[in-house]
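Student: I am new to this structure. Can we go through some of the terms used for it?
Tutor: Gladly. Take a look first.

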Amino acid sequence: MTAVNLDHISANPLLLEVQEAMIGAIRKNYGNPSSQNAAGEEALEALDAARQSVSQLIHCKNEKEIVFTSGGTESVNHAIKGVAFANADKGKHIVTTNVEHGSVTKSIKRLSQLGYSVTSLSVDAKGRVDPAEVEKAITDETILVSVMHSNNEIGTIQPIEEISKITKARKIILHSDAVDSVGVVPIDVQKLGVDVMSFASNPYYGPTGAGGLYIRRGVGIWPILDGGVQERNKRAGSENLIGIIGMGVAADLAATHMDQRVAHVKQLTDLFLKELPNYIDDYYINGDPENGLPNLVSVAIKYIEGESIVLMLDDDGYIVSTRSACATGSLRASHVLMSIGLDHADAQGTIVVTPGIENSPEDIMGFLKALKNIVKSLRDISPLCRIG
Amino acid sequence: MMYSKAVMDHFRNPRNVGVIEDPDGVGEVGNPICGDMMTIYLKIEDDRVKDIKFQTFGCGSAIAVSSMLTEMAQGKSLEEAKKITNKDVAKALEGLPKNKMHCSNLGADALHLAIKDYEDKKAGIKRPEPDPQDEEFEQKHCENLLCPYCDAQISEDVNFCKACQSELEESH
């Protein structure tokens with residue numbers, strides 16, 4: 001039995017067109033885009049074509065504003081540390097939120113060990129930060145505001161456009177971690193007003209190991225990898241050309257099919273939300289489904305624990321993810337779920353359902369049936385049902 | 001992470017699930033903060049485990065551990081049951097993943113508490129029961145944060161256990 005993948009936030013399959021482009025690139029044995037020879041020229045053309053595709057996907061003014069990286073984590077590290085290092089003479093204060101991805105929180109934590117100070121803002125029950133709080137947190141020392149575009153656990157989309165008006169007025173660099181948004185929902189860097197934005201290729205069915213950083217012209221940022229002159233001196237190291245070619249094709253497809261894809265996954269998550277009360281009780285939906293990512297639903301299922309739900313679903317052929325402490329090997333339930341006010345037990349019982357373009361309404365209905373039986377059998381075992 | 005066949009069997013088909021009405025002994029360990037909580041109920045006759053049932057909130061291995069423990073303790077004399085260790089249960093389950101050894105392998109502790117509860121009741125000793133919903137209890141529990149790999153006490157803001165050199169992930 002082939003498992004039904006409802007965990008696209010963790011991994012997306014490569015589209016056939018992407019696979020073929022990458023296999024073609026492997027067979028072609030490209031040269032090094034930095035080499036001054038015919039093989040290098042050809043490689044540079046392929047690299048620039050991909051840059052053009054990615055640039056169009058996020059509506060850059062100029063494709064030179066794209067720097068290719070090894071993925072979301074490198075992009076975020078580069079954005080945060082690069083801006084902090086380049087602007088240290090102006091100040092050493094960073095503003096962020098309590099619900100960022102680990103690549104953001106840990107990059108900033110590292111900077112705090114180097115003498116940078118941090119203000120991390122709380123969010124409301126839907127996971128949204130108040131732009132007025134961002135404005136209040138800014139001091140004369142602030143050099144960077146980093147707020148994610150969409151949350152990878154609850155799907156909440158942050159008011160980046162409003163925040164950018166504040167940072168522009170105060171001449172502070174705004175970075176947004178848009179890894180789970182780019183290629184998934186329409187993104188226009190000019191409309192958003194971000195100065196630096198991180199993204200990756202896998203969320204829109206491109207390969208892992210390929211990502212990018214949007215750096216608006218004129219923004220002061222240091223490289224994190226030093227060495228050669230690749231990526232206009234912004235990121236040393238020979239480019240991952242095969243991955244980048246796959247990323248370019250995936251970007252073209254995402255741009256062309258954006259409306260259809262959003263409508264498709266939204267139809268599936270809407271169906272799931274509408275039918276869920278007919279299958280289980282005592283649950284609630286985390287985040288902000290009305291204004292969040294169209295492909296993500298986070299459900300806190302009371303009295304039972306996430307890893308056991310996920311394991312049983314896996315056994316029944318349905319793949320979803322959980323943020324319970326047990327499943328992630330951490331000591332505590334997710335910081336995001338705690339930040340939006342869940343108690344420990346409910347945070348431990350949260351699963352994240354993220355359908356993709358290859359899923360059908362039948363997948364959702366089958367999943368609901370499996371979930372109903374699993375919730376019942378786990379609740380029959382649970383001592384919390386007795387207390388609750 | 002892969003569980004053994006025995007773990008998956010006990011997880012999917014847990015034995016002795018439920019509550020014993022009017023039990024002779026009850027033992028409860030863990031807390032939802034850590035992600036695992038187990039309750040063991042005992043019926044004792046002639047100093048033997050006549051009936052044993054469990055309820056567990058927790059991950060796959062926590063449920064499998066509880067189920068396996070009840071099978072191991074069923075019919076045993078109290079002295080034999082007291083000798084069952086968490087390690088014995090893990091061994092009977094063909095091993096548990098390293099990071100599950102501490103947090104979800106609490107079955108024997110719950111059993112020993114249940115036996116102690118029976119013995120205390122018999123001797124007329126009253127034990128104050130902690131209220132798991134009590135905030136103070138939760139805070140106290142938070143202070144005793146243990147490394148999931150080696151049981152060493154650690155503080156909340158570390159992401160590396162010095163005792164066993166394990167990375168403690170906050171998120172993926």
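Student: What makes strand 9 and strand 10 of chain A a pair?
Tutor: This is a predicted model. Pairing takes at least two bridges. Four bridges join strand 9 of chain A to strand 10 of chain A, residues 297-301. So the two strands count as paired. They run antiparallel.

Student: Which residue stands opposite A:Tyr284?
Tutor: A:Ala300, in strand 10 of chain A.

Student: Why is strand 9 of chain A called an edge strand?
Tutor: Strand 9 (283-286) pairs on one side only. Strand 12 (321-322) of chain A does likewise. The order of this open sheet of four strands is 9-10-13-12.

Student: Why is A:Ser298 called buried?
Tutor: Buried means under 20% relative accessible area. A:Ser298 has 1%, so the residue is buried. A:Ser298 lies in strand 10 of chain A. Its contacts beyond four places in sequence include A:Tyr284, A:Ile285 and A:Asn286. A:Glu153 and A:Leu337 are also among them.

Student: Which residues of helix 1 of chain B make the contact?
Tutor: B:Met8, B:Phe11 and B:Arg12. Helix 10 of chain A brings A:Ser308, A:Leu311, A:Met312 and A:Asp315. The residues of this contact divide into four nonpolar, one polar and two charged.

Conventions:
Residues numbered from 1 in each chain as written. Chains lettered and ligands numbered in written order. Predicted model: local features only at pLDDT ≥ 70, side-chain atom pairs only at ≥ 80, totals over all residues. Heavy atoms only, no water. Contact = heavy atoms within 4.5 Å. Nonpolar A, V, L, I, M, F, W, Y, C, P; charged D, E, K, R; others polar. Buried < 20%, exposed > 50% of the residue type's maximum accessible area, 1.4 Å probe, protein only.
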